[in-house]
Amino acid sequence: MFDLVVLDEAAHIDQLRAAPALARARRALVAGDPRQLRFVSFVADVDVAATLHRQGLDRFGDRLDVRRSSAFDVATGAAPVTWLGEHHRSVPHLIQFSARRFYGDRLELVTRHPRNERADVIDVLTVSGATVVEGVNQAEVTAALDLVRRLADDPPAGGIAVVSPFRAQADALEAALLAAFDVDEIERLGLRSGTVHAFQGSEADVVIASLGLVDGDPPSRHRFVAEPNLFNVLVTRARARLTVVTSLRSPEGLVGDYLAYAGRPPVAPDAEPVTGWTADLAEELRRLGLPVRPGYPVGRWRVDLCVGTDAEAVGVVCAVHSEGVAAHLERQRTLTRAGWRLHDVFASRWADDPIRAALDLASRIKPEG
């Protein structure tokens, strides 16, 4: 027996595979994302129905439908659910579309910072003259290979991933990469390739996504790429930059919406008005020539004052969080984990004198390195 069994990516795990581990657990922690890829079952409906009937479990058919209900689905119906909403992987431009389209703006983008809030990191490369032969769009294979070659001189530290929704396209991409790069080069580049399913739960600094479609493809191929869970995984594997390689001239539906989103520059978030000590300190910092943005949003938190621009911006905490000490400490931990440099500038330390506080803070804010 195990004291605790953890099932991660549980929406991607079917009940049959989870059962042996859970049967040996005193407690279980089940984590998953119902907006990402689900498991693929090869069990026939007739076999499911016959087994449930034989065991007298017909009334539990929906929950015990092993073809359609994942380990995550069963767990959410049997125990309290905790929403894990903080996103720590991707810069805002890479995740904002999914945050709105698939998660109803419930994701908290902890990665937001002045250094990346306006970073346009989604490229769309449209190739011409493409056809699909035996499931392979060779024009996109060639374009993706060229992109990897351009990255080879200065590869990203977190690796390169080349991904496609279609197995035949992924196999063609892999074959082209293996022909172009030897093992040492592949390891140096941190280069991986595969289908979207192969990248469930994975990530890379730079992702090249080959859609593998042409406008004249059968509707079933277009529907496959536009399946929301698959598409969500496809466009959220990158930490720093995504290039979508496409042959579509008139994209529609989900794919069209995403490509339109990718073509618009990111917008900086709105600041929040402040009063009292925070407002007085902000005014004095501006008098010293420092750029100041009050109430800067980072996930579900607000930085009292964001001082400076781009990578040199720092956060200023002007008071204990209004929800109390526990919330204050949680905000500090979250912002520090996200890479913020924080300065506490409480009124009590400066006898409510914002001029002295601003002068001291300005002397301490220096570019890193």
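Start by selecting T278, which lies in helix α11 (residues 276–287); helices here are DSSP runs of H or I with at least four residues, strands are E runs of at least two, and both are numbered from the N terminus. You are looking at a predicted model, in which local features need pLDDT of at least 70 and side-chain atom pairs count only at pLDDT 80 or more, while totals for chains, interfaces and linings use all residues. Residues are numbered from 1 along each chain as its sequence is written, and side-chain values use heavy atoms, with hydrogens and water left out.

Is T278 buried or exposed? T278 is buried, because its relative accessible area is 13% (buried means under 20%, exposed over 50%, partly exposed in between, with a 1.4 Å probe and protein chains only). Now show its partners: leaving out residues up to four places away in sequence, T278 touches D304, L305 and C318 (contact means heavy atoms within 4.5 Å).

Next, the nonpolar cores (sets of buried Ala, Val, Leu, Ile, Met, Phe, Trp, Tyr and Cys residues joined through side-chain atoms within 4.5 Å). Pick F231, L234, L242 and Y258, which touch the most other members of the largest core, a set of 38 residues. Helix α10 (253–262) is among the elements that supply at least two residues each, and α10 gives the most, six. Zoom in on Y258: beyond its neighbours within four places in sequence, Y258 contacts F97, I122, F231, V235, L242 and V244.

Now for the open space. Pockets come from a 1 Å grid over the protein atoms alone: each is an open set of points where a 1.4 Å probe fits, with protein on both sides within 12 Å along at least five of seven lines, and lining residues have an atom within 4 Å of a point. The largest pocket holds about 1,400 Å³, a volume being the space filled by probe spheres set on points joined across faces, edges and corners. Select A31, G32, D33, F72 and L84, the closest to its centre among 42 lining residues. Helix α3 gives the most to this lining, with five residues.

Finish at the second largest pocket, of about 400 Å³. Of its 19 lining residues, Q96, R100, L109, R112 and V267 are the closest to the centre. Helix α4 provides the largest share of this lining, five residues.
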